[in-house]
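Visitor: I am new to this structure and would like a close look at a single part. Please take me through the charged pairs and what surrounds them.

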Amino acid sequence: MRERINTALKLAQDAGDKRRCATLRLVQTAVKDRETAAREHGKDGVDENEVIDILQKMIRQRETSAEEFETGGQLDLAEQERAEQEIIREFLPVQLSDEETRALCEATVKDIDAQGLRDIGRCMSELKSRYSGQMDFVQASCFVKDMLRTDGNGQSKNGAEDAPQS
């Protein structure tokens, strides 16, 4: 993946695409910073999954910034943030849809025979090992919690109907 990023940066430089160059340099810097931190803690650097995590975090940061800019009426800056998101997204694996994510969460809960909220960690660990970089794990966690909290029919695991949370 790092090679793809380096190649894309070279192509952007040749094309004179300043926004793309700046964004790809930010990506490279974030990866190098994480590698440096990992080496300081005795690790050999970062693997592909960690690079994917870095990219996903960068996308979330830009989403938050874009929303704040829109709220503040700075639409041009929001548009720049969204353009950077799209550039970064090019290097991530294809993301699963909400429906696909929910179905895979259900299958994983069944596969590992998760019984309650105490099994969220096991479920999420399994999902991350199987689908790293392919799904939004914050969203997946919400799906898994909901599945483990209820039996799928609006009934809580103890038999009472779930009351709306306020």
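Is arginine 82 buried, exposed or partly exposed, and what is its relative accessible area?

Guide: Keep in mind that this is a predicted model. Arginine 82 is partly exposed, because its relative accessible area is 25%, and the buried class ends under 20% while the exposed class starts over 50%.

Now look at its partner. Arginine 82 makes a salt bridge with glutamate 70. The closest N and O atoms of the two are 3.0 Å apart. Arginine 82 sits in helix H4 and glutamate 70 in helix H3, so this pair ties together parts that are 12 residues apart in sequence. Glutamate 70 is partly exposed too, with a relative accessible area of 37%.

Arginine 62 forms a salt bridge with glutamate 84. Here the closest N and O atoms are 2.8 Å apart. Arginine 62 belongs to helix H3 and glutamate 84 to helix H4, so the parts tied together are 22 residues apart in sequence. Arginine 62 and glutamate 84 are both buried. Arginine 82, by contrast, is partly exposed.

The second pair is part of a network. Arg19 joins Arg62 and Glu84 in a network of salt bridges. Why do such pairs form? Side chains of opposite charge can pair when their charged atoms come close. The model has 10 salt bridges by the rule used here.

Arginine 122 and aspartate 119 meet through their side chains, at 3.5 Å from N to O. Arginine 122 is partly exposed, at 42% relative accessibility. Aspartate 119 is buried, with a relative accessible area of 8%.

Asp98, Glu99, Glu100 and Asp136 gather on the surface in a patch of negative charge. One of them, aspartate 98, lies in helix H5, which covers residues 98-111. Aspartate 98 is partly exposed, at 42% relative accessibility.

Alanine 103 is partly exposed, at 41% relative accessibility. Alanine 103 and alanine 140 are 37 residues apart along the chain, and their C-alpha atoms are separated by 10 Å.

Finish with helix H7, residues 137-149, where aspartate 146 is found. Aspartate 146 is partly exposed, with a relative accessible area of 35%. Aspartate 146 and glycine 72 are 74 residues apart in sequence. In space, 34 Å lies between their C-alpha atoms.

Come back to where we began. Glutamate 70 is partly exposed, whereas glutamate 84 is buried.

How values were computed: Residues are numbered from 1 along each chain as its sequence is written. This is a predicted model: local features need pLDDT of at least 70, side-chain atom pairs count only at pLDDT 80 or more; totals for chains, interfaces and linings use all residues. Side-chain values use heavy atoms; hydrogens and water are left out. Patches are made of residues with over 30% relative accessible area and no salt bridge: like charges are joined within 9 Å, nonpolar side chains (Val, Leu, Ile, Met, Phe, Trp, Tyr) within 5 Å. Accessible areas come from the Shrake-Rupley method with a 1.4 Å probe; for residues, only the protein chains shown count as cover. A salt bridge is a side-chain nitrogen of Lys or Arg within 4 Å of a carboxyl oxygen of Asp or Glu. Lys and Arg count as positive and Asp and Glu as negative; His and the chain ends are not counted. The place of a charge is taken as NZ of Lys, CZ of Arg, CG of Asp or CD of Glu. Helices (H or I, at least four residues) and strands (E, at least two) are DSSP runs, numbered from the N terminus. Buried means under 20% relative accessible area, exposed over 50%, partly exposed in between (1.4 Å probe, protein chains only).
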